[in-house]
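Please keep the model open while reading.

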Amino acid sequence: MPQTRRSRWIAALLAVLSTAAGVTVVAAPATAQPALPTSCAWMRKVAPDSGNIAYPDSAAAYWVSAVRVPAGGHVEIRGSYPHARYVSLATYSAAAQSIDGLSDIAIRPDPGSTNPFHVGADRTTSRRDFTVRLTDGRAPRNGRAANTLYTTSADGTRTSPPGFALVLWRVYVPDDGTDQSGGVGLPTLTTVDARGARAAMPSCPGGAPGAVVTGPSAAGLAPAAYAPRPAGTYGTNPPSWHKFTGTAQALAIVLTGGGPGRDIPDRIGDVAGPLGAGGFFDNPDNKYVFATTDAGHGSVLELRGRAPTAPRTASGETTMGGGQVRYWSMCTENALTTAYLGCAYDEQIPVDPDGWYTVVVSAADRRPANARAACGVAWLPAGAGAQAMLLLRNMLPDPGFTSSVQRAAPGREAATMGSYLPTARYLRSPADYERRGCAGH
């Protein structure tokens, strides 16, 4: 690839991964000619304390590396399984679409080590090392090599620029008392050329794991003056859920008021080129449904749904549990800046004895007094605007869980997910919600 094209590709990626006053920049100047950021291992951290972009989850931290893969060689990724709920490695195209991925249970341990993410495994094991090979090539449809990550998808439709790889390392829900890495630090990256010569990549400044932060962001907690617009300006009543299929589809639905019609989003997706399907650094192990809220319908939104079962890990449980999903969460997001406003994951959401949960969404200064955990309610901030995006994640569902987001059919989300897709109702004011009292008492 010519130097100019390489530089522009990297510049675009860095622009997507940058923020300016909390606003995502999604395009780079055509004249940008930065040095290739391949001299250090993990060049960027995306986490609540560093880079709230790309519709993240507050319980997760991501580290990004743009590496040169030697011709005929590979990049060796060595690390330790974190003390956490979930980890993964994934590669991405220049359009921010996932290419290939290895979830934690797909990463085999080194000889003598144990993978703590399998159901029933010892989560406290001291020998927990792994080694993954990143190779510049197409993932095989069958007979995939163990612990190998590829730069071109099996169907050939998604690929990194030749000789390069954009890699993300994700950690969800580090155990209490550990840092964002889950207490084990970040994997090391070593380039290995065709002759076997090895060159370790040094750590990047500013990418070190920090303290764990979950819940609302600073923007979500800021007092917000309630500024209604005519009902229906930004979303339907009740909100319409859509399975995420691509960046263009999501933006089209947001910009057209969140309605159920799919003709405009589908047409936009057809002409959006590389943004048509998937994208925006999607996690291959997660699938999403989203909806837009509209404060014109009411300043308080109540969501009710059935909670999938998931293992508990945050308190440092000694044995890995199972469940219908590995993890699930709900977030409010700023649809255009791609920053989360607030998130709550499974262990943070009260669930009643029948398996149901309640989430309330409102501006910070319109929060009902009974929208709190003691009353059996999780609260999420709607931010200062009249529109917000709701994002419901399901991760690594059990094959027998037929109501997962992964199984949902676009246009038939409610039919396929049933009670696991939340229903919603707007209330005009906090007082209207407060009249229901406190179910936790």
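The model is a predicted one.

## Cavities and a pocket

The structure holds 5 cavities of 30 Å³ or more.

| Space | Volume | Lining residues by class |
|---|---|---|
| Largest cavity | about 210 Å³ | 13 nonpolar, 2 polar, 3 charged |
| Second largest cavity | about 180 Å³ | 13 nonpolar, 7 polar, 2 charged |
| Second largest pocket | about 280 Å³ | 11 nonpolar, 6 polar, 2 charged |

The largest cavity is lined by 18 residues, and those nearest its centre are Ala54, Tyr55, Phe280, Tyr288 and Leu391. At least two lining residues come from each of strand 10 (164-174), strand 14 (286-294) and strand 20. Strand 20 supplies the largest share of this lining, with 3 residues.

Around the second largest cavity there are 22 lining residues, of which Ala295, Ser299, Ala363, Ala382 and Gly385 lie nearest the centre. Here strand 14, strand 15 (300-306), strand 18 (356-362) and strand 20 each give at least two residues.

The second largest pocket has a lining of 19 residues, and Asn334, Leu341, Ala384, Gly385 and Gln387 lie nearest its centre. Strand 17 and strand 20 (387-395) are the elements that contribute two or more residues to this pocket lining.

## Backbone positions of note

Most residues other than glycine have a negative phi, and most peptide bonds are trans. Several positions in this model depart from that pattern.

Alanine 96 is not a glycine, yet has a positive phi of about 65°. The residue lies in the loop between strand 6 and strand 7. Because its relative accessible area is 7%, alanine 96 is classed as buried. Glutamine 97 is found in the loop between strand 6 (84-92) and strand 7 (98-103). With a relative accessibility of 8%, glutamine 97 also counts as buried. Which distance separates glutamine 97 and phenylalanine 280 in space, C-alpha to C-alpha? The two are 6.1 Å apart, although 183 residues separate them in sequence. Phe280 is also one of the residues nearest the centre of the largest cavity.

Leucine 396 provides another positive phi in a residue other than glycine, near 40°. This leucine is in the loop between strand 20 and helix 5 (413-417). Its relative accessible area of 22% makes leucine 396 partly exposed.

The peptide bond from asparagine 237 to proline 238 is cis, with omega near 0°. Proline 238 belongs to the loop between helix 2 (218-221) and strand 13 (242-243).

Helix 3 (residues 247-255) is mostly covered, since 7 of its 9 residues are buried. The buried residues of helix 3 are Thr247, Ala248, Gln249, Ala250, Ala252, Ile253 and Val254. Just after helix 3, glycine 257 adopts a positive phi of about 95°.

Leu251, Leu255 and Leu336 make a nonpolar surface patch of about 300 Å². Leucine 336 is placed in the loop between strand 16 (327-333) and strand 17 (340-345). At 54% relative accessibility, leucine 336 lies over the 50% cut-off and therefore counts as exposed.

## Salt bridges

Side chains of opposite charge can pair when their charged atoms come close. The model contains 14 salt bridges.

Arginine 85 pairs with aspartate 346, their closest N and O atoms being 3.0 Å apart.

In the salt bridge between aspartate 49 and lysine 45, the closest N and O atoms are 3.2 Å apart.

Arginine 195 forms a salt bridge with aspartate 193, and the closest N and O atoms are 3.2 Å apart. Arginine 195 has a relative accessibility of 76% and therefore counts as exposed.

How values were computed. Residues are numbered from 1 along each chain as its sequence is written. This is a predicted model: local features need pLDDT of at least 70, side-chain atom pairs count only at pLDDT 80 or more; totals for chains, interfaces and linings use all residues. Side-chain values use heavy atoms; hydrogens and water are left out. Helices (H or I, at least four residues) and strands (E, at least two) are DSSP runs, numbered from the N terminus. Buried means under 20% relative accessible area, exposed over 50%, partly exposed in between (1.4 Å probe, protein chains only). Patches are made of residues with over 30% relative accessible area and no salt bridge: like charges are joined within 9 Å, nonpolar side chains (Val, Leu, Ile, Met, Phe, Trp, Tyr) within 5 Å. Accessible areas come from the Shrake-Rupley method with a 1.4 Å probe; for residues, only the protein chains shown count as cover. A salt bridge is a side-chain nitrogen of Lys or Arg within 4 Å of a carboxyl oxygen of Asp or Glu. On a 1 Å grid over the protein atoms alone, a cavity is a set of points where a 1.4 Å probe fits but cannot get out, and a pocket is an open set with protein on both sides within 12 Å along at least five of seven lines; lining residues have an atom within 4 Å of a point. Grid points are joined across faces, edges and corners, and a volume is the space filled by probe spheres set on the points. Ala, Val, Leu, Ile, Met, Phe, Trp, Tyr, Cys and Pro count as nonpolar, Asp, Glu, Lys and Arg as charged, and the others, Gly among them, as polar.
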